[in-house]
Amino acid sequence: MAGIEPLRVAITNKYKNDHGLEYDPKTEIVVTAGACEALGIAMLTLMNSGDEILVPSPYFPAYLDQAIIADVKLVEVPLKMENNFSLKVEDLAKRITDKTKIILINTPHNPTGAIIGKEDLEKIAKLAIEKDLIVISDETYDQFIFKGKHESIASIPGMKERTIIINSASKTYSMTGWRIGYAMGPAHIIKYLLKTHQNF
């Protein structure tokens, strides 16, 4: 159900080579029907009805549809032109309530192309740890960078254990119709995402 082993090994090797992140291909990854399913099962599995997920806005339209299906509230965090559409931690912090469970980040960002730099990722990580929030990191466009290198928030100390990385073969490899996506994260979370995935 988690996907064929050679594919899981290849994906975990990519993250080891690119970011120095070690994931167990047996317990810390589930291959899904595209990144959209990975995002959807993460919301369904990790959130209860009425919980809130913070999402930078504008955003990929499927985020809202998935939130509606999961019966959770999508809280928009506006990306400002004067900040080059980069997500700022103060804009996240003022929208956190006792119902907030997840911060969703998307870098490089669809549709603005903005990249969250390492300094801002560290601030977001600090906030997530302080507020005990899970981060869903949509890294579907991780190879669409023309200067520098993609940084994953999971690389920041204390974040691997509270981050679900979502990625896909659709964009980088132009394999949209193959519907190959995946979610990677701590084994104690992935085992429940796998149960939801199994039933879809």
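Two strands count as paired if DSSP finds at least two bridges between them. Keep that rule in mind as we walk through this model, which is a predicted one.

Let's start with strand β6, residues 163-168. Strand β5 (residues 134-138) is joined to β6 by four bridges, and these two strands run parallel. If you want a spot to look at, find Ser137, which stands opposite Ile165 in β6. Now turn to strand β7, residues 180-184: β6 and β7 also pair over four bridges, but here the sense is antiparallel. Here you can look for Ile166, whose bridge partner in β7 is Ala183.

So is β6 buried or exposed? Six of its six residues are buried, so the strand is largely enclosed by the rest of the structure. You can check this on both sides of β6: Thr163, Ile165 and Asn167 point one way, Ile164, Ile166 and Ser168 point the other way, and all are buried.

Next, the aromatic rings. A pair of aromatic rings is described by how far apart the centres are and by the angle between the planes. Searching the whole structure turns up three aromatic pairs. One of them is Tyr59 with Tyr63, a stacked pair with 6.3 Å from centre to centre and 25 degrees between the planes. Why does Tyr59 count as buried? Buried means under 20% relative accessible area, and Tyr59 has 17% relative accessibility. Tyr63, at 1%, counts as buried too. Ring pairs also bring in Phe60, linking Tyr59, Phe60 and Tyr63 into a cluster.

Over at Tyr141 and Phe144, the ring centres are 5.5 Å apart and the planes sit at 75 degrees, so this pair is edge-to-face. Phe144 counts as partly exposed, because its relative accessibility is 37%.

Lys14 lies over the face of Tyr15, 5.3 Å from the ring centre. Likewise, Lys160 lies over the face of Tyr23, at 4.5 Å from the ring centre.

How many cavities of 30 Å³ or more does a search of the whole structure find? The search finds one, and the largest cavity holds about 40 Å³ of space. What lines the largest cavity? The residues are Pro56, Leu79, Phe85, Ser86, Leu87, Asn106, His109, Ala114 and Ile116. Six residues of this lining are nonpolar, three are polar and none is charged.

How values were computed: Residues numbered from 1 in each chain as written. Predicted model: local features only at pLDDT ≥ 70, side-chain atom pairs only at ≥ 80, totals over all residues. Heavy atoms only, no water. Phe/Tyr/Trp six-rings, centres within 6.5 Å; stacked < 30°, edge-to-face > 60°. Buried < 20%, exposed > 50% of the residue type's maximum accessible area, 1.4 Å probe, protein only. Lys NZ or Arg CZ within 6 Å of the ring centre and 35° of its normal. 1 Å grid on protein atoms, 1.4 Å probe; cavity = no way out; pocket = protein on both sides within 12 Å on 5 of 7 lines; lining within 4 Å. Points joined across faces, edges and corners; volume = space filled by probe spheres on them. Nonpolar A, V, L, I, M, F, W, Y, C, P; charged D, E, K, R; others polar.
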